[in-house]
Amino acid sequence: MKSVDSGSLLPRRGEGEDEGVSSRGHSPHPNPRPRWGEGGYGISELLTLLTKHLTSYSDAPHLDAERIVLHVLKKREPAYLLAHATDKLSDQQIQEVTAMANRRKTGMPLAYILGEVDFFGRTFIVTPDVLIPRPDTETLIEKAIEYIIRHAGLRPGIHEEITIADICTGSGIIVITLALELEKLMQLKANEAKSYRFIATDISPAAIAIAKQNAQNHGVADTIEFIEGDMLDPFDFAQGKPHKIDLIVSNPPYIQTSELDAIYSPQQPYLPHFNAKRWNVGLLFEPRIALDGGPDGQKFVNQIKTSGIPAIIETTGGAIITLVQPLPLK
Ligand SMILES: C[S@@+](CC[C@H](N)C(=O)[O-])C[C@H]1O[C@@H](n2cnc3c(N)ncnc32)[C@H](O)[C@@H]1O
């Protein structure tokens with residue numbers, strides 16, 4: 001499933017009629033096009049070839065092509081590609097582009113190929129050990145901030161410290177984004193909480209390791225406590241004891257088991273050439289533990305809902321915001 005097609009992406013030396021001196025010995029073209037293997041491809045030309053090449057495999061082939069070339073060039077801004085349209089890539093760079101494009105052809109999501117993803121305006125590391133953040137999760141974060149402002153911020157003299165838990169943290173995008181956004185709000189004095197404390201949990205040690213790395217990269221490692229554990233187990237309230245959590249924000253696994261079984265089934269013909277554009281092909285590369293929400297997809301959400309936590313619960317898609325203990329309002 002995950003084998004990488006080693007086929008070449010671009011025409012090889014001597015292929016194509018208009019590529020300099022042809023193998024049949026015709027006289028040189030007055031403006032010879034650069035040839036594969038000579039590091040001769042200009043950025044714009046490469047993007048056109050790459051886009052064409054990925055069209056059968058991606059819903060956004062041009063965007064994928066741009067991201068791959070930018071990554072290999074170690075640049076971030078798409079404007080760079082326009083401004084340097086005729087710059088040539090080295091042989092080494094062309095080979096890197098080719099390898100990445102071939103991986104994309106297997107259906108592997110671009111985020112895993114690049115090793116990073118943009119979320120809420122920031123870049124996070126992702127590996128196949130963690131779910132690729134979904135755009136919908138940005139809404140969850142906006143709602144959580146709304147909650148915090150409504151219940152704690154903008155109101156004088158509320159909590160000294162607010163503790164927020166991100167259960168099923170995966171790559172840590174929720175807890176890290178909240179830490180950074182709330183810090184911004186405090187600087188703007190738009191939120192009167194004195195300070196925030198964050199706890200992030202996941203059952204996967206590999207996910208916790210990625211989340212810690214992301215927290216480090218974003219300078220919030222000191223404010224987040226990462227705990228490996230099963231759902232509510234790491235918290236006192238799982239044992240019915242008092243707790244010090246004010247808010248739970250969680251995006252637990254939410255896909256029905258049967259749906260995943262169908263995708264993973266050997267009966268499902270996985271033919272990259274025909275299926276690579278289907279939305280679910282990318283799921284094959286994500287950890288099943290991050291996706292499987294039980295028979296109705298609600299197993300984990302229900303675990304939080306029925307835990308007896310005194311809560312205002314709001315769900316956004318499969319995700320959940322739980323105001324564990326309504327903060328005292330003045
Ligand atoms: C849907 S992913 C969410 C990842 C991240 N919060 C996000 O929104 O991108 C669900 C996460 O739950 C974790 N998980 C699965 N079962 C769990 C359990 N029983 N207890 C804690 N975490 C679990 C998975 O390892 C995965 O990282």
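Is Phe198 buried or exposed? Phe198 is buried, at a relative accessible area of 2%. The points below cover the ligand site, then the aromatic residues. Keep in mind that this is a predicted model.

1. Look at the nitrogen atoms of the ligand. A backbone N or O atom of Met231 is 2.8 Å from a ligand nitrogen. For Cys168, a polar backbone atom lies 2.9 Å from a nitrogen of the ligand. Ile203 also has a polar backbone atom placed 3.2 Å from a ligand nitrogen.

2. **Ligand burial.** The protein buries 98% of the 590 Å² that the ligand exposes when taken alone. The space that the ligand takes is the second largest pocket.

3. **Aromatic pairs.** The count comes to three aromatic pairs. One of them joins Phe119 and Phe120, with ring centres 6.3 Å apart. Their planes stand at 45 degrees, so this pair is tilted. Phe119 counts as buried because its relative accessibility is 2%, below the 20% cut-off.

4. **Tyr196 and Phe198.** Here the ring centres are 6.3 Å apart and the planes are at 25 degrees. That angle is under 30 degrees, so the pair is stacked. Tyr196 is buried, with 9% relative accessible area. Phe198, the residue of the opening question, is buried at 2%.

5. **Aromatic cluster.** Which residues form one aromatic cluster? They are Phe119, Phe120 and Phe124. The tilted pair of Phe119 and Phe120 therefore belongs to this cluster.

Terms used. Residues numbered from 1 in each chain as written. Predicted model: local features only at pLDDT ≥ 70, side-chain atom pairs only at ≥ 80, totals over all residues. Heavy atoms only, no water. Polar contact = N/O pair within 3.5 Å; in protein donor to acceptor, adjacent residues only side chain to side chain. Areas by Shrake-Rupley, 256 points an atom, 1.4 Å probe, with all protein chains shown as cover. 1 Å grid on protein atoms, 1.4 Å probe; cavity = no way out; pocket = protein on both sides within 12 Å on 5 of 7 lines; lining within 4 Å. Sits in = over half its atoms within 2 Å of the grid points. Phe/Tyr/Trp six-rings, centres within 6.5 Å; stacked < 30°, edge-to-face > 60°. Buried < 20%, exposed > 50% of the residue type's maximum accessible area, 1.4 Å probe, protein only.
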